[in-house]
Amino acid sequence: MEFQALTAQTTQTGGDAATGQTSRISFKSPLLEDCKAMACERSPLLAHGVFSMVADNADSRRGSSAAGDGSSKANPRTLNTFFGVIVPTILSMFSIIIFLRTGFVIGHAGLLYGLLMLGVAYFIISLTILSICAISTNGAVQGGGAYFMISRSLGPEFGGSIGLMFFLAKVCACGVYVLGLVEAILNIFGQDAAMGMAQGIRVLPQGYWFSVLYSSVLLLLCLVVCLVGAHIYAKASFITLIVVTVAVLSILISPLIVGPRHFNLTHMLDHNHTIIHGVYTGFNSSTLNNNLGPGYSLDYSTNKMMSFSAVFAVLFTSCTGIMAGANMSGELKNPSVAIPKGTIIAVLYTFIVYVLLFLLLSSTCDRLFLINDYAVFQRINIWPPFVIVGVYCASLSAAMCSLIGASRILHALAVDQLFGLPLAPAAITSSSGNPWVAVLYTWALVQCTLFAGQLNVIAGLVTVFYLLAYAAVDMACLALEWASAPNFRPTFQLFSWHTCLLGMLSCLVMMFVINAVYSSASIVMLLLLLLFLHYRSPTSSWGYISQALIFHQVRKYLLMLDSRKDHVKFWRPQVLLMVSNPRSSCQLISFVNQLKKGGLFILGHVQLGDLDMLPTDPVQQQYNFWLSLVDKLDVKAFVDLTLSPSVRQGTQHLLRITGLGGMKPNTLVLGFYDNCYPEDYFLQDPAFCEGADKGSGSSAGSEGDHFGVDLPSLQAHFPPVRHTESPRFLQPDEYVGIISDAIKMGKNVCLARYFFELPPEGKGTSAKSGDSSDMIDVWPSNLLSADGSGSFADVCSLFLLQMACILNMATRWRRARVRIFLCVEAESGDQGWLAKEERFRELLGKLRIRATIKIVAWDRVVRLLRGTDSTAAPVASEEFLSAVNSLIKEHSTSAAVRFLYLPCPPANSGQSQQYLAQLDAVTQGLGPTLLIHGLTPVTCTEL
């Protein structure tokens, strides 16, 4: 029956497949065939990626049509480096922090610790910027910014999870900027807490719900601008930058003009009005000395004690705008040039401005003034409206930038279909290409963050999310560098794996320094997203960095795996199973998978044909089908296919070249050569039935889920099983020749018969059924030899025992009992078999093999072999073979599987038919049986 597991499919062209004849291909026109081959050669080297770089904003991501048929043309790339990267990055990094929290940082941390925090923050983001520059200059960058770069570098699992975390970071950041803007407005127009009524321009009532109301109105204004489109924001951003720059310049020159001043500051603490006196001294050395060290105290807005981590969390929020330009990647003319150049310029500019402002405040304002008044710049300015307008413009611009950036990330996630239906509407765009549904999603989430009510409350969460995203970017660049992929050759070279690793570790450390609870929760959330996407997301065409890293490590360790250092103590079976048609061999494939004990398992297949007579190699197109079969059967196996004029020659090829280095097959498994007609396993197993894919948990209808091979295609690829009208493609002498070739090459050989009777895994007799009566029977003697009781411990016999012991270690067979049957001539006068049995029991003890030994008297069977003439050579008659078969049936009827000794094949090919007939007669009707001929010493009694 298992002959079907060995015979090979025949390449047939233009003939009747039922005839089974290998037909040679005749060409009516050689020129026509050459043209066809040339046409194939003109097919693109890459199905994606290269052409997406030259297309008009084409997106290589799956499902881009969801964004609208004409979105790529209606939304052209129009922004240059200055307007697309430098301006939004500067505005995002200045935002509300530069005007309302610079004094807060110096007041609590002091100048020295403030500069230390600034240095650490910019050191971290500088390392991340190097990674961003490297990734963004390594190919075409599409819309989605950081998410696009991470997902295309690390694959959909990491990309999707980090992309969603980065989206949430942008959402929270938008909330921070809006709350900061409300805080600035209430500082000017809010009713005095001490008066409790309107006075002059201070007409806006204050309180938690009023703050939420004002924030919602401002967020609605941002929503309207974002719905119109990013181009409106880009046009207004330059004007905003000019306003902010003027405000910063007014702050820097004010100490040169404004003299010392005293201020009375009123705060509501524990329902009591507290008046604090603040002093602006102008440039003063004593003021500078007093502000050098830290002086942490209560924050008057949250009434919480500040610390290094709390102040750093607020300060780092000003550094989270480094990806503002990257998030606009879909609108940039040349993102690979604009992102690195613009980001570096913007970061250097903001760093210089922050250092100047730190020096200015620490030398002109006393600590009480800095701690108790967020609007310190406004009070000491030559014309306060400069700062007021700067605050409003910077905050509004940063909020809109975050809202736009978050919506673009969400849109990219939706287009990639990583999270399914919940985000599917976010892929919809307007006629101009604006993802208005994603904008609405983002607006709704930002609205939820506004209920925090205070900027400082969510600043820590924003910082943790951003640091996690930055760590992911560093990890992406680190993985690309460590993978040593030839195609990773960014034009930006000022980075190394050291900077990537240092940047990633710095981000992770600072996360826990800022807030250990938020950091732990964010990492747990990231891991859950990773697991969700790992089991849910369809296969992508982006490439998996994990595959590159695995390749790199496997190559390194394969070079270290030296076959000259092999030792018998660590031997394990490395199996090459020859399979013709899996329809009849699935049970055998699953059985060998349990027998390999962590060793190499290769499914080999020989396609009959001659490459000289074919236009292309037919084998290469079949790998996906075989690999899909491996996935379907859930076995840990490799696949190796070859094209050969004969099955014997093809098997020789596979035995020689399959594997790599120290991982090469040492055992050949063949299906048995008999006249049985196999059953179609595909018709029995529900996994191969129609509709089986629907319950697999993957996205229905996605071609990438099965690497282009769905269930109907898999079933159609493998031909029907052999039937009565099917001719044999393998003759007995060629089959026996394969066995002889393997033995000559030093390979162990196993012939498998009746494994179609073995119940599928999880059904019938198995360890899972709890039936302890399962038996693994071993007959270690050569039953076709008159000296069958001569030795129980030669190399081949011990190999049988080792294979049975290995099978007994498999999960499914762990509860099965191993029985060893020793054939003895009990009626003879020589009782030497008793000593042999005792020595054999001692050997089993030394080998730590737990088995039951059964003594089988086979005197009557041996007499049939020797005959009456003791001088004549023993002849295996049909009566003898039938007696051996009956003996095995008598003692091994209840066994689940049997291991028998396989004699060496005859040297004379003319005796091949007789050899197979003897094996057929001995194993007839036994049930699942493995005939084994072992050449390798596999047991060791030493420690």
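This is a predicted model: local features need pLDDT of at least 70, side-chain atom pairs count only at pLDDT 80 or more; totals for chains, interfaces and linings use all residues.

Me: OK. How many helices and strands does the protein have?
Reply: There are 31 helices and 12 strands. Helices (H or I, at least four residues) and strands (E, at least two) are DSSP runs, numbered from the N terminus.

Me: And what share of the residues is buried?
Reply: 54% of the 943 residues. Buried is under 20% relative accessible area, exposed is over 50%, and partly exposed is in between (1.4 Å probe, protein chains only).

Me: What about contacts between residues 24 or more positions apart?
Reply: They make up 82% of the contacts with a separation of 6 or more. A contact is heavy atoms within 4.5 Å.

Me: How many residues are in the largest nonpolar core?
Reply: 163, and Phe99, Ile125, Phe316, Ile322 and Met323 have the most contacts inside it. A nonpolar core here is a set of buried Ala, Val, Leu, Ile, Met, Phe, Trp, Tyr and Cys residues joined through side-chain atoms within 4.5 Å.

Me: Which helix gives the most to it?
Reply: Helix 8, residues 156-189, with 20 residues. Apart from that core lies another one of 66 residues, including Val592, Phe799, Ile806 and Ile853.

Me: Is Cys500 buried or exposed?
Reply: Cys500 counts as buried because its relative accessibility is 0%. Cys365 is buried too, at 0%.

Me: Now the strands. Which ones does strand 3 pair with?
Reply: Strand 3 (residues 575-578) pairs with strand 6 (residues 667-671) in the parallel sense over three bridges. Strand 4 (residues 601-608) also runs parallel to strand 3, joined by four bridges. Pairing takes at least two DSSP bridges between two strands.

Me: Which residues stand opposite each other there?
Reply: Leu576 stands opposite Leu668 in strand 6, and Val575 opposite Phe601 in strand 4.

Me: What about the faces of strand 3?
Reply: Both are covered: Val575 and Leu577 on one side, Leu576 and Met578 on the other, all buried.

Me: Where does Thr651 sit, and what does it touch?
Reply: Thr651 is in helix 24, residues 647-657. Not counting residues up to four places away in sequence, Thr651 touches Met578, Val606, Leu668 and Ile738. Its side chain also reaches the backbone oxygen of Val647 at 2.8 Å.

Me: Why does Thr651 count as buried?
Reply: Because its relative accessibility is 1%.

Me: Last one: Arg850, buried or exposed?
Reply: Exposed, with a relative accessible area of 77%. Arg850 lies in the loop between helix 28 (832-846) and strand 10 (852-857). The C-alpha atoms of Arg850 and Arg817 are separated by 8.5 Å, though the two are 33 residues apart along the chain.

Terms used
Residues are numbered from 1 along each chain as its sequence is written. Side-chain values use heavy atoms; hydrogens and water are left out. A polar contact is a pair of N or O atoms within 3.5 Å; within protein, one must be able to donate a hydrogen and the other to accept it, and residues adjacent in sequence count only if both atoms are side-chain atoms.
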